[in-house]
Amino acid sequence: MNILFYVNKLRTKIMGRLTKHIGQSQSKPKTSLHSLNDIKKILICRPNQRLGNQLLLTPLVQELTNTFPNCKIDLFVKGNVAEAVFKNYTCIDTIIKLPRKPFNHLIKYGLCWLKIKSKRYDLVINGDKNSSSGRLSTKYAKATHKVFGDIHQNTEKTYQDFEHISKYPIYNLRHYLSELGYADHQKTVPLLNINLSDSEIAKGKIMLRDKVNNDKKTICIYTNATRDKCYSENWWETFYTKLKTAYSDYNIIEMLPVENISKINFKAPHIYSTDIHEMAAIIKQTSIFITADNGIMHLASASLTPTVGFFSVTHTRIYEPYGNKSIAINTNETSINDWFEKIDTILNS
């Protein structure tokens, strides 16, 4: 498993170098745009299967529907996660899904690429400037307008948060439209949002109530993460013990990962679900969600719940949760007392 991880990491690095210049000659519009209403068919290229990366696309989808009210959006992704993430987004037309293991499904893999070429789009956007597949698919697609994802120097000067992976595609789009003569408006960037339905929210409320069986407010933690982003059992035990002492008047529950494991050895009441909408609906009923940097952190953020993300190896400025009082904490530069001061500020604000 580790060998495959490092082989894939090397492949990504090599492909990134080979494709980094793709699209640079198309950074400025080649044709005019008479009206924003002319943009009706859009393709977003984000060939990645991770939950967090698909959730991080939701602000861009909202920006597109706000800017082009009559548009329909196709997604070029990998795996089945996007179907669950965007199931309540009526603007999504087609999800073109690359197989997670392309070498086991070469014919299906090729057909997905042909499907991109078979359509004509008004606008294609690469969702991640560092994705070689994203750049290639943006180049390959037939479209009048293309945004490859490179951050313009004006964006770097104007926005302090220009590096955030959810925000710079939106800033890029706004800059591209300004090149076409449309105002580069300064509206707030949309939040991550999984778009829970009323019935899903109601179900989440019932499920949480059945678990805690009282009227106290609830703190939810999630103790898992991938590889070196994951904190140790001792780390989480220390944190959980202090959390119980500091917030004895709150329920404290643990949301379990799909592997059904717990870094605190199941000491807190726990909830297990493999349905991300169900998980988000439960999280939405809580006062705060606390976890390491992972896909479920972004799910909590997309439920519009105040989210605390602990970071130790990844860059906060790229992946931090934002909006709804959410914060990222670099645990290498702060102490446990600092963390609780920030949690206290969120809960008491």
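A polar contact is a pair of N or O atoms within 3.5 Å; within protein, one must be able to donate a hydrogen and the other to accept it, and residues adjacent in sequence count only if both atoms are side-chain atoms. The model is predicted, with local features needing pLDDT of at least 70 and side-chain atom pairs pLDDT 80 or more, while totals for chains, interfaces and linings use all residues. Residues are numbered from 1 along each chain as its sequence is written, and side-chain values use heavy atoms, without hydrogens and water.

**Exercise 1.** Describe the surroundings of serine 131.

Solution.
- Place: serine 131 sits in the loop between strand E4 (120–126) and helix H6 (132–140); helices (H or I, at least four residues) and strands (E, at least two) are DSSP runs, numbered from the N terminus.
- Burial: its relative accessibility is 11%, so serine 131 counts as buried (under 20% relative accessible area; exposed is over 50%, partly exposed in between; 1.4 Å probe, protein chains only).
- Contacts (heavy atoms within 4.5 Å): neighbours within four places in sequence aside, serine 131 touches Pro47 and Asn126.
- Polar contact: a polar atom of the serine 131 side chain lies 2.9 Å from the backbone nitrogen of glycine 134.

**Exercise 2.** Find how helix H11 and helix H12 pack.

Solution.
- Geometry: H11 (residues 276–284) and H12 (residues 295–302) pack at about 60°, axes 9 Å apart.
- Contact: H11 contributes Ile276, Met279, Ala280 and Ile283, and H12 contributes Ile296, Leu299 and Ala300.

Technical notes: Axes fitted to C-alpha atoms, helices over the stretch in contact; angles between N-to-C directions.
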